[in-house]
Amino acid sequence: MYLDPEEEKMLDGEYGEAIAMAMKTVLRVAEALKAERLVRVKNAHISGISYKNIGDEGLQFLEELAAKGGRVSVPSSMNPAGLDLAQWRNMGVDKGYFEKQMRIINALAALGVKPTLTCTPYLYEDISYGDHLAWSESNAVLYANSIIGARSNRDGGPLALFEAIVGRAPLAGLHVESNRRPELVIDFTSVSKEVEEQNMYSVAGLLVGALTGNRVPLVRGLKLSKERLDYIKLFLAAVGATGGTGLVLIEGASPENYPASGVDTIEVDFKMLRETLDNYSGTDEGAIVLGCPHLSLDEIMDIISRLPENGTATRKIFLYTSREVYEALSAYMPKLREKNVYVFADTCMVVSPLNIYAGKEVITDSGKAAFYLKAQGYKVKLVSRQKAIEMAFT
Amino acid sequence: MKIPGHPVSEGVAKAELLVSPEPITFYGGVDPLTSKVTEPGHPLYGEVLKDRILVFPHSKGSTVGSYIILRLARRGIAPAGIVTLKPDEVVIVGCVIGGVPSMTGISEEAFNTLRTGDKAELRVDRNYAELLVEEL
């Protein structure tokens with residue numbers, strides 16, 4: 001594999017141990033992916049932030065890297081943490097957990113990563129069509145590739161960090177245009193109306209992920225457009241939960257157009273959607289959890305506009321978003337709490353101790369949250385956002 | 001039988017194979033404290049990965065998966081080795097930072113001959129990787 005003189009120096013340890021270790025790891029990945037060279041990246045997004053997920057072992061790993069003098073060389077953002085940094089006491093989180101979480105965030109901050117703590121960097125970072133990125137977090141990678149037309153592989157959290165340190169990623173996978181072409185067609189035309197009317201975009205996403213595996217699919221017949229960011233976010237996040245692909249070409253929403261000739265077509269019928277949804281029938285009990293991926297400001301304003309003028313929710317509604325959106329909404333918080341609606345920043349239902357503050361039965365509109373919470377032993381009911389709000393006010 | 005592959009993470013492992021026909025989700029699908037597969041409905045549900053050479057097509061799901069491999073490794077309950085059909089970064093980085101011997105890119109034909117319980121030795125160095133499976 002070709003390395004330029006600068007990259008050789010990084011590998012040889014001329015810039016210190018952390019950069020050498022980062023370059024060695026990036027090279028191993030590049031070799032395994034049969035890349036001919038590395039490509040410079042513009043931006044990085046680092047997952048693997050939650051103490052609940054990475055544990056003492058991950059914490060040690062990050063502190064070791066910071067102690068070796070590691071530092072990112074491109075703008076880099078952080079995925080959500082295991083708690084809300086300001087309201088952690090309301091989440092039933094103990095002080096020991098809080099302190100461990102802060103050590104992880106501080107180790108990453110020492111490495112130069114901005115503590116944005118959101119899974120939706122595509123709403124905040126300066127990225128555009130054709131940019132090469134070192135992103136982790138499957139929903140973010142899927143959005144960047146599929147909707148913006150930027151180029152990122154589905155990096156693991158530590159790989160994205162190593163790529164951010166060396167400022168480069170292997171020129172392989174979705175960084176290469178010839179790998180961005182459709183390998184199969186998934187056609188929703190015959191159920192397009194039902195998906196739209198019953199808001200089944202999370203279900204459609206879970207199905208696409210399961211059908212496509214690691215292949216790049218062309219999705220046809222869904223009424224997804226950039227104007228419905230809420231649907232696109234739910235759809236792509238669900239694809240990322242059940243599938244391994246980092247790119248979904250969506251007719252009508254993706255900027256890239258390639259002919260889909262000579263590939264198989266799968267026609268989706270309503271039975272396939274129904275069977276997917278039946279995995280998440282849960283119970284009608286429990287709290288409502290919305291915000292996987294993190295809600296945008298527009299989405300939260302839309303939810304607020306759908307709450308009944310009078311009355312209080314009969315069960316708790318938890319909304320998850322970025323710190324930036326939370327602060328923009330601060331004037332609404334007292335009114336929302338009166339309605340039994342609680343907004344958390346920096347974290348989400350999947351990575352915070354949900355069972356402590358919400359119990360083991362929940363209702364969500366997110367196929368991704370449903371998939372991961374079910375795997376953690378929760379009883380999860382997957383419904384549309386509108387239906388979830390209605391259930392809370394009856 | 002000798003199955004060649006591409007090196008991912010250096011090392012040697014001698015153990016029984018645990019073969020999954022389906023992709024594996026490490027984050028959410030494997031318990032980092034017990035090494036058990038917890039994804040409901042998965043063909044390996046309930047199996048323990050520790051002390052076995054894990055063979056599967058590729059990983060899926062969250063990229064936090066690399067840290068799950070690291071956690072298993074630092075607790076001494078990681079698979080003895082990992083062999084995959086297709087390379088994916090979650091597995092590669094998890095194996096490199098966790099020090100789990102691993103290779104990828106074995107042929108589909110070879111993959112189909114492997115069975116859970118087969119005794120095997122995985123040998124990976126910088127430029128060379130092979131899985132030696134004991135003949136019955």
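This note walks through chain B as a whole, then a sheet and a helix of chain A.

1. Ground rules. This is a predicted model: local features need pLDDT of at least 70, side-chain atom pairs count only at pLDDT 80 or more, and totals for chains, interfaces and linings use all residues. Residues are numbered from 1 along each chain as its sequence is written, while chains are lettered from A and ligands numbered from 1 in the order in which they are written.

2. Chain B, elements. Chain B has 3 helices and 7 strands. Helices (H or I, at least four residues) and strands (E, at least two) are DSSP runs, numbered from the N terminus. Read from the N terminus, the order in chain B is β-β-β-α-β-α-β-α-β-β. The radius of gyration of chain B, taken over C-alpha atoms, is 13 Å, close to the 14 Å of the globule rule for 136 residues, so chain B is as compact as a globular protein of that length. That rule is 2.2 Å times the number of residues to the power 0.38.

3. Chain B, extent and interior. The C-alpha trace of chain B spans about 35 × 30 × 25 Å along its principal axes. Of the 136 residues in chain B, 53% are buried (20 or more other C-beta atoms within 10 Å of the residue's own, with C-beta atoms placed from the backbone). Among contacts in chain B with a separation of 6 or more, 72% join residues 24 or more positions apart. A contact means C-beta atoms, placed from the backbone, within 7 Å.

4. Chain A, the sheet. Five strands of chain A form an open sheet with parallel pairing, in the order β12-β11-β10-β13-β14. Two strands pair if DSSP finds at least two bridges between them. At the edges lie β12 (341-345) and β14 (379-382) of chain A, each pairing on one side only. Strand β11 (residues 317-321) of chain A runs parallel to β12(A), with 5 bridges. A:Tyr320 stands opposite A:Phe344 in β12(A).

5. Chain A, a helix on the sheet. Helix α16 (residues 385-392) of chain A packs on this sheet and touches β10 (287-295), β11 and β13 (361-364) of chain A. The directions of α16 and β10(A) make about 150° (axes are lines fitted to C-alpha atoms, for helices over the stretch in contact; angles run from 0 to 180 degrees between N-to-C directions).

6. Chain A, helix α2. Is α2(A) mostly covered or mostly open? Mostly covered: 12 of its 16 residues are buried. Among them are A:Ile19, A:Met23, A:Leu27 and A:Arg28. After α2(A) comes A:Lys34, with a positive phi near 60°.

Definitions and conventions: Two residues are in contact if their C-beta atoms, placed from the backbone, lie within 7 Å.
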